[in-house]
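I am opening a notebook on a structure that is new to me. These entries record what I looked up, in the order I went.

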Amino acid sequence: RTPLVVAVDGPSGSGKSSVSRQVAAQLDLAYLDTGAMYRAATWRCVQRGVDLMDTALVADTVRSMVLQLDLNPRFPSFVVDGVDVGVAIRAPEISAVVSQVATNLEVRADLGERQRRVIAVERTPDGFSGGRGIVVEGRDITTVIAPDADVRLLLTASEEARLARRAREVHGTDDAAALEATREHVVDRDARDSTVVEFRTAADGVVTVDSSGLDLEQTVQAVLALVEDVA
Ligand code: C5P
């Protein structure tokens, strides 16, 4: 049968990257973090000093980006114009402006096209390259990029849980100061992103997994159980 495609959307701090990676690793599927693609595109614009308000120049800069992906969930990597940007794209300066690039509709068209191509390769069994099946995560995968995926999930968590998780990740603690510092990067970024993509409520046929009361391992198990249902 054709290789499995699992689509996962969710807001920031929902744990979707960690969960998606582990699910892909356990099922031996490829893994694509589309948020990292938007971050890589943003990194290239920032690197070149592009004015992010100049939508035409931003779109050109993204379209000419040479992006090489390693889809191995154990060692995912992103190389832009020969530079490994895996660490650089997580910098707060990138998080702070990525929504500006991601709300550029020409950018979405270009990256969306690249994402569809990756999915098409992994969905096609050929015993040579690709054809592994894939877990793809982001904000518009279940709705726009792969609405025909075998499994479509919306991973959510309460705002409280998402803030605490991100605070621990970035600051090593979830005390009041850390929560406040994190708010801008979680709540405000989601509000900006929501102007072009809907990832707060599940579309028809999309199953919601609420991870508020679950740890990583429990969430992974919940997702694996849903995948097994269709596989
Ligand atoms: O998932 P992550 O927080 O790394 O995503 C970074 C940014 O990429 C999001 O804030 C959003 O602006 C953008 N994004 C998007 N569509 C996706 C995935 C990410 O617009 N499918």
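The entries below go from the ligand to the sheet and then to the helices.

**Entry 1: the model.** I note at the start that this is a predicted model.

**Entry 2: around the ligand.** I began with the ligand. Which residues come nearest to the ligand? I found G35, Y38, A102, G138 and R139, out of 15 residues around the ligand. Next I looked up where the shell comes from. The largest share belongs to α2, with four residues. Then I sorted the shell by class. I got five nonpolar, five polar and five charged residues.

**Entry 3: the sheet.** I turned to the strands. The sheet is open and has three strands, in the order β3-β4-β5. Its pairing is antiparallel. Which strands are at the edges? They are β3 and β5 (83-84), and each pairs on one side only.

**Entry 4: the hairpin.** I looked at β3 and β4 by themselves. Strand β3 covers residues 67-70, and strand β4 covers residues 77-80. I counted four bridges between the two, in the antiparallel sense. They form a hairpin, with six residues between the strands. Q68 has V79 in β4 as its bridge partner. D70 stands opposite S77, also in β4. A reminder for myself: side chains in a regular strand alternate between the two faces of the sheet.

**Entry 5: α2 on the sheet.** I came back to α2, the element with the largest share of the ligand shell. This helix lies across β3 and β4. I noted an angle of about 25° between α2 and β4.

**Entry 6: α2 against α5.** I then looked up how α2 sits against helix α5, residues 105-123. Their axes come within 11 Å. They cross at roughly 135°. Why do I call α2 and α5 oblique to each other? Angles over 145 degrees would count as roughly antiparallel and 65 to 115 as roughly perpendicular, so a crossing at roughly 135° makes the pair oblique. The crossing of α2 and α5 is right-handed.

**Entry 7: who meets whom.** Last, I listed the residues between these helices. From α2 come T34, M37, Y38 and A41. From α5 come V107, L111 and Q115. By class, this contact has five nonpolar and two polar residues, and no charged ones.

Technical notes: Residues numbered from 1 in each chain as written. Predicted model: local features only at pLDDT ≥ 70, side-chain atom pairs only at ≥ 80, totals over all residues. Near = placed C-beta within 6 Å. Nonpolar A, V, L, I, M, F, W, Y, C, P; charged D, E, K, R; others polar. Pairing = 2+ DSSP bridges. Contact = placed C-beta atoms within 7 Å. Axes fitted to C-alpha atoms, helices over the stretch in contact; angles between N-to-C directions. Parallel < 35°, antiparallel > 145°, perpendicular 65-115°, else oblique. Left-handed = near helix turned anticlockwise from the far one by under 90°.
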